[in-house]
Amino acid sequence: MTTLQNRQFRLAARPIGLPKPGDWEFTTQAASTPGDGEVLVKVLYLSLDPAMRGWMNEGKSYIPPVGIGEVMRAGGIGEVIASNDPAFAVGDIVNGTPGVQEYAVVSGKTLTRVDPKLAPLPAYLGVLGMPGMTAYFGLLDVGKPGQGETVVVSGAAGAVGGLVGQIAKLKGCRVVGIAGGADKCKYAVDELGFDACVDYKSEDVKKALRGHCPKGIDIYFDNVGGDILDICLTQLARHARVLICGAISQYNNTTAVKGPSNYMSLLVNRARMEGFVVFDYAPRYGEAVRDLAQWLAQGKVTAREDIVSGIETFPDTLLKLFKGENFGKLVLKVA
């Protein structure tokens, strides 16, 4: 049997600012053989997410950083091509965290079998994957939206933000998005069903939000941090909830992270600001997948994937996230 050659990206240095070519090592080596309880997965698609930038940094976080010299962490979908786990057979399609490589030896305990007949495989990295879980549990469990409330979501055309808005509409809320560019705002309103969307690149965000949210913001789902978070804090309604999901505007800072200067609005409005991590809801993922798959089949939610081909494009493709160039869930097609 011919030895499989495995191309992979390893973290060579901790980035300062945006990741540079020198922060990666692109290597080729023989694919490993699975041990007891492990499977060899041929990686088909990888999920590229803003959180990956945080995983490259040293320091305490909700998940250990990727070590220097280690394969870059990434979620993905693949096909089992060898198995030493009785729960998985050759040919099974699985969802896990194979990393940025063409072949991965993974513990069967970390994998979930998926059915390619139910949805296209990239959907399992978007609406039925981590972004879908993030939107579902963040909004419903942490935000607890009520009928008629006003929900504002930044990154409205992104994988998480777009779903947050659609789920909020299903729950009877008024939804206002914030996105970068006229095309993304048009997509949020025309295709995702948002009531309005503010283009932060061309509009006065504070003035626009005041017009779209005359009674204030009941729930702000924050994906970007920085100035947008600060502006939204000034327009909270009484007992508002601010959900901290991410802060993509701050991930590549070379100076200190910009914190909210308007935090006293939480006191004035008896509001709360709460961070959450989707991995805490792992035991309940099945609940979210069931509801999201049903809504998807019924046409009540829709999602878009931005798919780029070729593992060798990984460093440049990842940067699309931080330059606002992706439209929908960013996916790297490997095989």
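Predicted model: local features only at pLDDT ≥ 70, side-chain atom pairs only at ≥ 80, totals over all residues.
In which crossing, left-handed or right-handed, does α5 pass α6?

**View A. Helices α5 and α6 pack against each other.** Helix α5 covers residues 205–212. Helix α6 covers residues 226–233. Their axes lie 10 Å apart, at an angle of about 40 degrees. That angle makes α5 oblique to α6. The crossing is right-handed. From α5, the contact is made by V205, K206 and L209. From α6, I228, I231 and C232 take part. By class, 5 of the contact residues are nonpolar and 1 is charged. No polar residue contributes.

**View B. Six strands form an open sheet.** The strand order is β10-β9-β8-β11-β12-β13. Pairing is parallel. At the edges stand β10 (196–199) and β13 (272–275). Each has a single partner strand, so one side of each is left without a neighbour in the sheet. Neighbouring strands are turned against each other by 15 degrees on average, direction ignored.

**View C. Strands β8 and β9 run parallel.** Strand β8 spans residues 150–154, and β9 spans residues 174–179. The two are joined by 5 bridges. Within this pair, V152 stands opposite V176 in β9.

**View D. Helices α3 and α4 lie across strands of the sheet.** Helix α3 (residues 159–170) lies across β8, β9 and β11. Strand β11 covers 217–222. The helix runs at about 170 degrees to β8. Helix α4 (residues 182–190) lies across β9 and β10. Its angle to β10 is also about 170 degrees.

**View E. T302 sits in a loop between a helix and a strand.** The loop links α8 (285–297) to β14 (305–309). Is T302 buried or partly exposed? T302 counts as partly exposed, because its relative accessibility is 34%, between the 20% and 50% cut-offs. Leaving aside neighbours within four places in sequence, T302 is in contact with L163, Q166, E191, L192 and L296. G193 lies 109 residues from T302 along the chain. The C-alpha atoms of T302 and G193 are separated by 9.8 Å.

Notes. Residues numbered from 1 in each chain as written. Heavy atoms only, no water. Helix = DSSP H or I, 4+ residues; strand = E, 2+ residues; numbered from the N terminus. Buried < 20%, exposed > 50% of the residue type's maximum accessible area, 1.4 Å probe, protein only. Contact = heavy atoms within 4.5 Å. Pairing = 2+ DSSP bridges. Axes fitted to C-alpha atoms, helices over the stretch in contact; angles between N-to-C directions. Parallel < 35°, antiparallel > 145°, perpendicular 65-115°, else oblique. Left-handed = near helix turned anticlockwise from the far one by under 90°. Nonpolar A, V, L, I, M, F, W, Y, C, P; charged D, E, K, R; others polar.
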